[in-house]
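Here is a short briefing on a structure. Look through the sequence and the 3D view first, then read the points below.

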Amino acid sequence: MSSVVPAYGPDAPGRLAGLADVTASDAALRRFLHGLPGVDAVGLEARAAGLGTRSIKTTAKAYAIDLAISMIDLTTLEGSDTHGKVRALCAKGRRPDPTDPGTPHVAAICVYPDMVAVAREALGDGSGISVASVATAFPAGRVALPVKLADTADAVAAGADEIDMVIDRGAFLSGRYMEVFEEIRAVKQACARPGGGSAAHLKVIFENGELSTYDNIRRCSWLAMLAGADFIKTSTGKVAVNATPANTLLMLEAVRDFRDAVGVQVGVKPAGGIRTSKDAIKYLVMVNETLGDDWLSPDWFRFGASSLLNDLLMQRQKLSTGRYSGPDYVTVD
Amino acid sequence: MANEKFAYAPAPESRAVVDLAPSYGLFIDGEFAEAADGTVFKTVSPSSEEVLAEVARAGEADVDRAVKAARKAFQSWGALPGAERGKYLFRIARILQERSRELAVLESLDNGKPIRETRDVDLPLVAAHFFYYAGWADKLSYAGYGPDPRPLGVAGQVIPWNFPLLMLAWKIAPALAAGNTVVLKPAETTPLSALFFADVCRQAGLPRGVVNILTGYGDAGAALVAHPDVDKVAFTGSTGVGRAIARSVAGTRKKVTLELGGKAANIVFDDAPIDQAVEGIVNGIFFNQGHVCCAGSRLLVQESVQEEVLDALKRRMSTLRVGDPLDKNTDIGAINSAEQLARITSLAEAGEAEGAERWAPACELPSSGYWFAPTLFTGVTQAHRIAREEIFGPVLSVLTFRTPAEAVEKANNTPYGLSAGIWTEKGSRILSMANKLRAGVVWANTFNKFDPTSPFGGYKESGYGREGGRHGLEGYLAGAADPTSEHASEKESATNEGV
Amino acid sequence: MKVSEQSRLAVFKTYKLYVGGKFPRSESGRVYEVTDSKGGHWLANAPLSSRKDARDAVVAARKAVPGWSGATAYNRGQVLYRVAEMLEGRREQFTREVADAEGLSKSKAAAVVDAAVDRWVWYAGWTDKIAQVVGGANPVAGPFFNLSTPEPTGVVAVLAPQDSSLLGLVSVLAPVIATGNAAVVVAAERAPLPALSFGEVLATSDVPAGVVNILSGRTAELSAPLASHQDVNALDLTGAPAELAAELEASAADTLKRVRRPSPAAEDWTRDPGTSRLTAWLETKTVWHPIGV
């Protein structure tokens with residue numbers, strides 16, 4: 001492999017075309033996915049737990065906290081979301097800590113499709129913050145394909161920079177891999193910007209908690225990357241098991257191996273359940289020791305989170321002032 | 001990989017939890033005392049060469065005094081109801097848990113191993129071992145060694161420097177649970193944690209003379225093993241010394257347990273869970289700087305995945321952090337002594353001289369102390385010294401195989417037989433390999449796992465007897481059907497008359 | 001009947017070694033006189049085995065290890081039971097030989113033979129039980145399946161007791177092979193004939209060639225090369241006098257053999273044998289495997 005190209009760059013489709021034989025038929029795809037090395041659950045979890053014991057102090061902690069803030073997809077995905085709520089979230093994303101303008105802004109504001117336009121407007125131009133939209137009938141995804149595509153196209157048309165789609169877990173679990181593959185491809189097509197301009201980046205959500213086994217998560221990672229995912233994402237945050245250190249580590253290994261094999265770099269987004277700075281730093285340590293510098297940026301790693309931001313801000317204040325902060329000293333919206 | 005963005009700041013564990021005295025005596029009959037001839041030696045921190053303390057050096061007279069104290073204490077300890085002995089051991093287990101941070105830091109200081117390991121592996125296992133055997137003390141008649149198993153008497157125990165406190169626990173816990181008293185000699189490069197353990201015994205109110213600690217060199221160990229009033233000898237260490245001990249006890253009625261060297265094969269098949277196998281290989285050889293008798297020092301990798309596994313292994317080795325043992329992020333600490341470093345260095349040089357290809361990740365080693373970078377050799381054959389001799393350091397020899405039969409043949413082609421590893425996702429292959437490997441511990445899809453309930457010990461020249469689990473009691477009990485026991489129980493009843 | 005027996009010239013038996021399933025003479029061509037226990041009455045010449053015979057026996061034993069240790073415990077049990085059947089069928093012969101060897105009355109000798117038969121039955125039943133008795137699952141504190149099982153140590157050199165030419169021999173040999181080991185047995189020096197005849201029982205009992213090898217000769221001469229042999233895993237010193245036993249144990253230390261020392265007091269071969277002679281020749285293998293989906 002001559003060089004590495006980003007999954008969302010112009011050269012990626014050409015690289016993927018090189019693996020066309022793997023995705024030529026349902027049988028070929030199955031053979032390929034089932035030929036991937038197995039995952040020993042206990043060993044994987046032990047490695048993730050081991051990395052979790054790293055002690056990140058002082059300068060390293062300051063770096064990690066700012067990096068983590070810059071990687072957040074600040075999220076609100078509630079039935080009760082309103083324009084006001086989304087605007088407030090956008091304001092928070094732009095200036096997370098009003099008392100310290102040196103605080104980095106978040107990576108994206110993540111909302112339902114009908115809130116994309118609101119977020120787009122609230123962020124304005126030049127904020128450097130993306131608008132991410134869940135789509136494809138998030139979180140269950142249990143609608144017909146045309147509806148999913150319309151959902152996606154609508155969000156893109158409203159100005160979404162990033163689309164977080166959900167896969168059809170039912171199809172995956174019943175072994176209809178090609179169906180899942182084709183659906184991701186179709187959604188990727190729907191991410192094209194009407195009237196030109198760069199396409200929305202596609203994050204593919206597996207819902208690891210429903211895939212149930214680590215072998216499935218590894219297979220699903222490869223399937224999604226072969227289908228053109230720009231990011232692979234652990235979960236919707238709407239089921240019992242969301243991102244865990246172990247299932248995220250496994251996906252980090254998958255993007256690492258995919259880049260080695262295909263030359264295409266794909267991002268990773270754990271989502272759901274990451275609430276504390278301590279947790280976030282553990283994930284960054286995993287990225288650091290599994291993937292290294294190349295993934296240590298918001299272009300390649302994101303946290304899907306809402307309450308995490310305030311904890312990071314409190315830790316950040318503690319580092320700069322030397323005293324422990326409290327929830328009254330960070331903004332709540 | 002060169003990680004430049006996210007550089008971990010130093011995260012040192014505080015030394016303040018350990019209160020080191022300038023000098024320590026021998027622990028005999030419940031009291032610390034100088035050696036009879038007043039000799040002392042210094043113990044240094046292998047990561048800095050700083051002198052930590054001066055320690056009394058036991059000689060023959062001290063051995064004799066300690067054995068006498070243990071013999072005297074045996075009269076009442078051996079006669080104590082098992083439930084009471086058990087309660088002492090439970091106390092010790094709990095105090096060890098309470099003092100585990102202090103002991104972990106001490107162990108890292110004196111041994112050079114990373115705090116991450118002493119904190120997360122050594123100390124939890126030490127306490128667990130005492131807790132486990134505490135429960136056996138009043139259940140010995142259910143252990144399968146006869147309806148009325150008796151203790152042997154005085155146990156002379158000699159332990160190595162690689163897991164000073166853990167090896168102490170493996171020796172002392174079953175001995176005391178079974179009703180024996182002990183004289184234990186820690187290694188000369190790591191005497192401190194055993195002396196702190198003496199203080200734990202004091203806090204637990206253990207009767208005097210039940211545990212005696214003799215710091216010193218090989219001569220003290222030899223004198224202890226040879227002492228005529230020792231009924232049981234337990235040794236962990238090199239096969240060479242193990243042979244000498246086996247010779248020294250020949251013709252006596254001493255019961256012997258030997259846990260000696262190894263040259264374990266860690267066998268990776270092409271259908272292995274590769275990422276976990278790489279972790280297992282790394283843990284197998286770089287855990288505790290490779291100062292592990294059951295280390296997976298020979299990697300046998302199936303030729304079809306050799307390249308993939310080696311690439312992944314090298315990538316992983318590049319992330320290993322070598323340095324200050326007290327830094328919480330250190331993966332590989334210091335080599336225990338200048339002597340051991342010289343041995344590792346010379347064997348690694350022999351590997352190169354014999355034509356194997358040497359590789360180590362770029363890593364900066366501290367300027368003082370004893371250090372050796374994690375190293376692997378490829379192109380190794382069974383004929384190379386680095387494939388046959390125990391290096392006892394962070395050096396992995398990589399060999400290849402084509403078929404399961406070849407893997408078994410190569411794995412077993414060694415006088416050692418302590419441990420082995422198997423990596424494959426195929427269940428029937430695991431069981432078949434496990435049956436054929438001549439090793440006392442077989443780790444399948446894992447490596448270097450230890451537990452107080454799990455018997456540990458070798459085949460062939462890796463020694464005999466088992467430590468851990470129900471099996472670990474056998475070496476400290478005189479069973480009814482065992483001819484060596486008749487003598488011991490006679491002696492025991494004779495001593496009981498004196499009570 | 002009595003008349004014809006007296007008038008007929010008896011056919012003497014040439015006693016031979018039992019090695020690798022065959023009945024060779026000593027490669028040295030040497031024999032020694034075996035007399036009865038009382039009057040020095042000549043019974044037969046026995047092969048005076050050499051160091052090379054001992055070496056050949058070890059080679060035969062090693063060759064037999066994979067098959068015998070790999071046989072199912074049920075199969076080994078049936079083979080051992082078959083030994084009992086064959087011995088039962090030759091009660092009279094062994095009663096005569098034991099009576100001659102040990103100076104026993106015919107009825108006492110018959111009782112010894114019966115006990116020897118019963119001992120094979122006892123050990124035949126042990127083959128598929130010992131693993132359950134001494135092995136088992138270990139409840140480790142983690143997500144691991146952990147099982148300890150006993151395995152044969154390999155080749156065991158056995159110095160048969162000097163005081164009990166058949167029951168003693170059987171009592172030390174049967175546990176060695178019940179557990180899947182192969183044996184090289186040095187028969188009682190002064191009373192080797194029951195042991196040598198016993199080779200014929202083994203040869204007709206489905207015991208695979210090489211699993212048991214029986215040598216006669218000088219215990220001290222034969223035991224030295226066995227104790228130092230690098231391809232012998234264990235040494236039963238039951239038949240060694242104390243001084244020799246100490247020397248042999250020291251020699252065995254070089255290869256870290258498993259050694260069972262002689263009992264300080266005379267052993268009572270009629271008492272319940274217990275399990276210590278089984279476990280003496282077993283290694284404990286502990287296998288770990290993660291538990292996960």
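In this predicted model, 76% of the contacts in chain B between residues at least 6 apart in sequence join residues at least 24 apart. A contact means heavy atoms within 4.5 Å.

**Chain B: overall build**
- Chain B holds 16 helices and 20 strands. These are DSSP runs, numbered from the N terminus: helices are H or I with at least four residues, strands are E with at least two.
- Its C-alpha atoms fill a box of roughly 70 × 50 × 35 Å along the principal axes.
- Chain B has a radius of gyration of 23 Å, which agrees with a compact globule, because 499 residues would give a value near 23 Å. The radius is taken over C-alpha atoms, and the globule rule is 2.2 Å times the number of residues to the power 0.38.

**Chain B: inside and surface**
- Of the 499 residues in chain B, 65% are buried. Buried means under 20% relative accessible area, with a 1.4 Å probe and protein chains only.
- Chain B exposes about 16400 Å², and carbon and sulfur atoms supply 51% of that area. Accessible areas come from the Shrake-Rupley method with a 1.4 Å probe.

**Chain A: a sheet**
- In chain A, 8 strands form an open, parallel sheet in the order E9-E7-E6-E5-E4-E3-E2-E10. Two strands pair if DSSP finds at least two bridges between them.
- Strands E9 (267-269) and E10 (303-305) of chain A are the edges, and each pairs on one side only.
- In chain A, 4 bridges join E3 (residues 108-111) to E4 (residues 130-134). A:Val111 has A:Ser133 in E4(A) as its bridge partner.

**Reading notes**
- Residues are numbered from 1 along each chain as its sequence is written, and chains are lettered from A and ligands numbered from 1 in the order in which they are written.
- Local features need pLDDT of at least 70, side-chain atom pairs count only at pLDDT 80 or more, and totals for chains, interfaces and linings use all residues, while side-chain values use heavy atoms, leaving out hydrogens and water.

Note on methods: Buried < 20%, exposed > 50% of the residue type's maximum accessible area, 1.4 Å probe, protein only.
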